[in-house]
Amino acid sequence: MKSAAPRDKAVRSSRLAEARLAGGDLDGALDAANYGTELLESSVSSVRALDRLKEFSAHLEPRKSVPAVREFRERLQAVPVAA
């Protein structure tokens, strides 16, 4: 079985992050979102993945005072917009 392409992994990480957040697992959600962000920083250019992670970031607004949430949001802001 072929493994998923990094772009697909980046998109899926945002879905996983949203599911974990909906389930009340903030740490797990941030782990998944940071993994997707790492892919965008290092090896993937995907507007779709970046948009999905930004949507996830918006769901974190009520928790913006949590240091790990703030770190993730700042990291995501630094990702260049894919061309």
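Visitor: How many aromatic pairs does the structure hold?
Guide: One. In this predicted model, local features need pLDDT of at least 70, side-chain atom pairs count only at pLDDT 80 or more, and totals for chains, interfaces and linings use all residues. Residues are numbered from 1 along each chain as its sequence is written, and side-chain values use heavy atoms, with hydrogens and water left out.

Visitor: Ok, which residues form the aromatic pair?
Guide: Phe56 and Phe72, in an edge-to-face arrangement, 5.7 Å centre to centre with 65° between the planes. Rings of Phe, Tyr and Trp (its six-membered ring) pair if their centres lie within 6.5 Å; planes under 30 degrees apart count as stacked, over 60 as edge-to-face and the rest as tilted.

Visitor: Where do the two partners of the pair sit?
Guide: Phe56 is in helix H3 (residues 47-59) and Phe72 is in helix H4 (residues 67-77), so the pair links distant parts of the chain, 16 residues apart. Helices (H or I, at least four residues) and strands (E, at least two) are DSSP runs, numbered from the N terminus.

Visitor: Is Phe56 buried or exposed?
Guide: Buried, because its relative accessible area is 0%. Phe72 counts as buried too, at 0% relative accessibility. Buried means under 20% relative accessible area, exposed over 50%, partly exposed in between (1.4 Å probe, protein chains only).

Visitor: What does Phe56 touch?
Guide: Leaving out residues up to four places away in sequence, Phe56 touches Ala17, Glu18, Leu21, Ala29, Ala33 and Phe72. Contact here means heavy atoms within 4.5 Å. Take Leu21: Phe56 is 35 residues from Leu21 in sequence, and 8.9 Å away in space, C-alpha to C-alpha.

Visitor: And Ser57, what does that one touch?
Guide: Phe72, Arg73 and Leu76, again not counting residues up to four places away in sequence. Ser57 is in helix H3 and counts as buried, at 8% relative accessibility.

Visitor: New topic. At what angle do the axes of H2 and H4 cross?
Guide: Roughly 20°, and the axes of H2 (residues 26-42) and H4 come within 10 Å. That makes H2 roughly parallel to H4. Axes are lines fitted to C-alpha atoms, for helices over the stretch in contact, and angles run from 0 to 180 degrees between N-to-C directions. Angles under 35 degrees count as roughly parallel, over 145 as roughly antiparallel, 65 to 115 as roughly perpendicular and the rest as oblique.

Visitor: Which residues in H2 and H4 meet?
Guide: From H2, Leu26, Leu30, Ala33, Asn34, Thr37, Glu38 and Glu41; from H4, Ala68, Val69, Phe72, Arg75 and Leu76.
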